[in-house]
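Let's walk through this model together, from its overall make-up down to single residues. Please keep the sequence and the structure open as you read.

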Amino acid sequence: MNYKLGILGAGNMAEAIVRGVLTAKRLTPQQIIAADVSPERRKLFQDELGLTAVEDNAEAAGQSETILLSVKPQMMQAALGGIGKVMSADSLVISIAAGISSKFIKSALGEEANWRVVRSMPNTPMLVGQGMVAIAAGQHATADDMATARRLFESAADVIEVDETQIDAVTAISGSGPAYFFFLVEQMIAAGIQLGLSPEQSRKLAAKTALGAATMLTTSPDSPAELRRKVTSPGGTTAAAITSMESHGLPQIIIEAIKAAEKRGKELGR
C-alpha cells in the first residue's frame with residue numbers, strides 16, 4: 001500500500017488529528033492521503049499540511065493501511081458505498097463519526113470481510129493539543145488495532161478505552177462538552193457587559209477564569225465539588241450566585257441537556 005493513513009473527510013477534526021500526528025512525527029506527510037469533495041479543504045491539506053489530497057474516497061481508501069472515517073454521520077452511508085471493494089481486508093478502519101456503530105460500518109463495507117473497526121470520539125480541543133478521545137473496539141478489532149488508534153490520537157489528546165455501548169455517553173460529555181463551556185462563557189461575558197464592563201474586559205475576565213479553573217480541575221487532587229466549596233464562602237457573593245443557579249434548576253437542566261445529546265447520538269445511528 002502507498003499510504004499508512006487514508007482520511008475520508010478532510011474537516012476540522014481530521015485536520016486537528018493530522019496536525020498532531022505530524023507535529024509528533026508519528027507519520028510524515030508522504031504517508032498520508034486525504035479525500036474530500038471540497039476543493040477548499042483539499043487545497044488546505046495539500047498546501048498547509050503537505051499531503052496528497054483527492055476527491056474520490058475510493059482512491060484514498062484503496063491505498064491505505066489505516067482509514068480514518070471523519071465524514072458527517074448523515075453522509076456515512078454514501079461515503080462507504082463501494083469502497084469495501086477496493087479496500088484490503090487487512091485495513092484498519094477508525095471512525096470518529098457520532099452515532100455510527102461499528103456494526104453499521106462493517107455492513108456498509110460488505111459482509112464478505114471481517115472488517116476491523118475502532119470507534120472513537122475526539123473533541124475539538126485537539127486543535128490546541130488539549131483533546132480528549134475515547135476509543136472502543138468493534139467485533140473484530142484486536143489489541144494491536146486499539147494501540148494503533150491510541151497512537152493516532154495521543155499526539156494531541158488524552159485517550160481512554162471504553163465499551164462501544166458507552167460511546168454515545170462519551171459524545172454527550174466530552175465530544176459536545178466544549179460547546180457547553182463556550183455557552184457558559186458567552187453568558188458570563190453578556191452578564192459582565194450588563195454590569196458595565198466593556199466586551200473586551202468581559203471576554204478576558206471570563207476566558208481567563210475558565211482557563212484557570214480548568215487548570216485547577218486537572219491538576220488538583222480535590223473533587224470539583226471541593227474546589228467549588230473552597231471558593232464559596234457562606235453568605236458571600238459566590239454563594240449568592242450558586243444559590244440562584246440552584247433555585248432556577250440549573251443542575252438538572254445541565255444533566256437533562258447531556259442526556260439529550262446522548263439520545264441524539266443514538267438517533268444518528270439508526
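Helices (H or I, at least four residues) and strands (E, at least two) are taken here as DSSP runs, numbered from the N terminus. By that count, the protein chain has 12 helices and 8 strands. You are looking at a predicted model, in which local features need pLDDT of at least 70 and side-chain atom pairs count only at pLDDT 80 or more, while totals for chains, interfaces and linings use all residues. Residues are numbered from 1 along each chain as its sequence is written, and side-chain values use heavy atoms, with hydrogens and water left out.

First, the overall picture. The C-alpha trace of the protein chain spans about 65 × 40 × 30 Å along its principal axes. A residue is called buried under 20% relative accessible area, exposed over 50%, and partly exposed in between, using a 1.4 Å probe and protein chains only. Of the 270 residues of the protein chain, 40% count as buried. Contact means heavy atoms within 4.5 Å. Among contacts between residues at least 6 apart in sequence, 67% join residues at least 24 apart.

Now for the charged side chains. A salt bridge is counted when a side-chain nitrogen of Lys or Arg lies within 4 Å of a carboxyl oxygen of Asp or Glu. The structure holds 14 salt bridges. One of them joins R19 to E15, with the closest N and O atoms 2.9 Å apart. Both residues belong to helix α1 (residues 12-23), where they sit 4 residues apart, about one turn of the helix. In general, an α-helix has 3.6 residues a turn, so residues three or four places apart point the same way.

E226 is partly exposed, with a relative accessibility of 24%.

What does a salt bridge between K266 and D168 look like in numbers? The side chains meet at 3.6 Å, N to O. K266 lies in helix α12 (residues 250-268) and D168 in helix α7 (residues 167-175), so the pair ties together parts that are 98 residues apart in sequence. K266 is partly exposed at 35% relative accessible area, while D168 counts as buried at 10%.

Axes here are lines fitted to C-alpha atoms, for helices over the stretch in contact, and angles run from 0 to 180 degrees between N-to-C directions. α7 and helix α8 (residues 177-194) pack at an angle of about 30 degrees, with their axes 5 Å apart. The two helices are therefore roughly parallel to each other (angles under 35 degrees count as roughly parallel, over 145 as roughly antiparallel, 65 to 115 as roughly perpendicular and the rest as oblique). A172, I173, S174 and G175 of α7 make the contact with G177, P178 and Y180 of α8.

Helix α5 (residues 102-109) shows how burial can be arranged around a helix. Its buried residues are S102, I105, K106, A108 and L109. Seen down the axis of α5, these residues fall within an arc of 165 degrees, so they line one face of the helix; the arc is that of the directions from the helix axis to the C-beta atoms. The buried residues of α5 pack against β4 (64-69), α4 (76-80), β5 (92-95) and β6 (116-121). Just after α5, G110 takes a positive phi of about 120 degrees.

Finally, two single residues. Q77 lies in helix α4 and, leaving aside neighbours within four places in sequence, is in contact with F104 and A108. At 45% relative accessibility, Q77 counts as partly exposed. N57 lies in helix α3 (residues 57-61) and counts as buried, at 19% relative accessibility. Beyond its neighbours within four places in sequence, N57 is in contact with L8, A35, A79 and I83.
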